[in-house]
Amino acid sequence: MPPNVEQTPALRVLAPHIYEERTAAAWTSSEENEWCPAIRSQPQMSAISYLSARRSLLRGLLASLLLPIRSYARTRCPIFGAIRWDAQYCDTSGEPCFEEEKALSPQRWHFRAPLHSRLTDSETLQFHATEASFDQEIQVAHAAGLGYWAYLAYGSDGKLDLAHSMMQGLTYHRRSGIADQMNYCLIATLDTLGRANRFDEATKRIHGLFSDHNYQRTQDGRPLLFLYYLDALLPSYWNGSLAELGKSLSHLRNQATSSGGRPPYIVLLHTPPATAETIRKQIGADAVSAYGINFGPNRSGTYLELQRHVEQYWEDELAHTSGSVVPTVMVGWDSRPRKETPPANDKRDYTRIDKSAHVATATPSEFSFACRQASRFMSNHPDRCPYQIALIYSWNEYSEGGALAPTLGDPSASMLRTASEVLKACRAGGD
């Protein structure tokens, strides 16, 4: 996650709410008999009546087969993606990856390190990612039914820079021989969309990714683009003007449509919901969501308590926005490794932060339940979740909150495997 994020409204503590568990009606074998109630209710039916009813039934079935398939996909097929913060591809001093290694170096945190980590003779943790280890991540995510990865963008001079060490994962992904097994999209930031009155080249770089065959799109062909909003960057990049930022997004849309494509589906990542809606309207984004949802740095809790908080947050998003909603599913929020070894560029006053406060990471069954609740939420609000897209925090925020990816302590990615039934609910071909 970008530095100092816990200082922003993204981690403002929301009041706890009463939780009401929602369950969906289970499919039972008795429902199979509902296919033709007219026949079932007339056991002494004549042969002629039977044939007539049979023809009516067949005509109805044929008509249903001729309905547009896409209309069902829009409302019944959830697409779950996970955030990628790729600080695991170098050990260069001053870079986030170097700070991530330090945070996970104490022995008690080794179990949270990525599977490609190595321990030196002196028991020092080092990342050792390769194209082969990245392909293993693709295979694990694909097998579990995860729909896409959302890469947090990094760059320089206001533009996305694919040569940046934090973009190495995307580089591996794009040139992988099995890239087709995993879609991806971008989480743009205020410092990768250009600057006020200077955004053409920046938006071209982002638009260039839309042509990738595995760039994640909505069911009607719109490239999915998240926008991580940070107040601190608005003055230096956009003269403090949301209208100027909106011009960049409008320009990106024009680039997409003028080249014969569909306009991107832009999802704003910001909290709380009321503030997010104000920003969404001014910049012209399509939907609201959150990078992460938690209690703040000084409160502990169980995962179930966090899940109740998250579900209420989804409802708050519905209540405050007139746009669409992309629900965020949490793996947990345990940032103790970073609290104990703060990144060099983190300027927070840690004397005011409880270093022991954390939310327990989900058990596999708890995480599976959370995904199922998100699926039900989207299904219950098809008009507000038109593309049935959900975002998971996170794939690889190893030191900050929690990760779905294989780790030294959980090489089989048990949370991801257990949730596969939900994640694969509507995957084409059932693979």
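This is a predicted model: local features need pLDDT of at least 70, side-chain atom pairs count only at pLDDT 80 or more; totals for chains, interfaces and linings use all residues.
Biologist: How many helices and strands does the chain have?
Modeller: Both are DSSP runs, numbered from the N terminus: helices are H or I with at least four residues, strands are E with at least two. By that count the chain has 15 helices and 13 strands.

Biologist: What share of the chain's residues counts as buried?
Modeller: Buried means under 20% relative accessible area, exposed means over 50%, and partly exposed lies in between (1.4 Å probe, protein chains only). Of the 431 residues, the buried share is 52%.

Biologist: What is the strand order of the open sheet?
Modeller: Two strands pair if DSSP finds at least two bridges between them. The sheet has nine strands with parallel pairing. Its edge strands, β11 (324-325) and β12 (328-330), each pair on one side only. The order is β11-β10-β9-β8-β7-β4-β1-β13-β12.

Biologist: What angle does helix α11 make with β12?
Modeller: Helix α11 (residues 303-320) packs on the sheet, touching β10 (287-289), β11 and β12. Contact means heavy atoms within 4.5 Å. Axes are lines fitted to C-alpha atoms, for helices over the stretch in contact, and angles run from 0 to 180 degrees between N-to-C directions. The angle with β12 is about 170 degrees.

Biologist: Which residue of β7 is the bridge partner of tyrosine 148?
Modeller: Strand β7 (residues 183-189) is mostly covered, with six of its seven residues buried. Five bridges join β4 (residues 148-152) to β7, and the two run parallel. The partner of tyrosine 148 is asparagine 183.

Biologist: Which residue in β8 stands opposite isoleucine 187?
Modeller: β7 and β8 run parallel and are joined by four bridges. The residue opposite isoleucine 187 is phenylalanine 226.

Biologist: What hand does the unit of β7, helix α7 and β8 have?
Modeller: Point the strands away from the viewer: a crossover is right-handed if the path from the first strand over the helix to the second runs clockwise. Here the helix is α7 (residues 200-210). The β-α-β unit is right-handed.

Biologist: Which residue in β9 stands opposite leucine 227?
Modeller: Five bridges join β8 (residues 224-228) to β9 (residues 265-269), which run parallel. Opposite leucine 227 stands leucine 268.

Biologist: Why is the pair of tyrosine 151 and tyrosine 184 classed as it is?
Modeller: Rings of Phe, Tyr and Trp (its six-membered ring) pair if their centres lie within 6.5 Å; planes under 30 degrees apart count as stacked, over 60 as edge-to-face and the rest as tilted. Tyrosine 151 lies in β4 and tyrosine 184 in β7, so the pair ties together parts 33 residues apart in sequence. The ring centres are 6.0 Å apart and the planes stand at 85 degrees, so the pair is edge-to-face.

Biologist: How is the pair of tyrosine 89 and phenylalanine 134 classed?
Modeller: Tyrosine 89 and phenylalanine 134 are both buried. The centres are 6.5 Å apart and the planes stand at 50 degrees, so the pair is tilted.

Biologist: Which residues do ring pairs link into a cluster?
Modeller: The structure holds 16 aromatic pairs. Some of them link Tyr89, Phe134, Trp149, Tyr172 and Trp395.

Biologist: Which residues does glycine 169 touch?
Modeller: Glycine 169 lies in helix α6 (residues 168-175). At 0% relative accessibility, glycine 169 counts as buried. Leaving out residues up to four places away in sequence, glycine 169 touches Asp86, Tyr89, Phe134 and Tyr151.

Technical notes: Residues are numbered from 1 along each chain as its sequence is written. Side-chain values use heavy atoms; hydrogens and water are left out.
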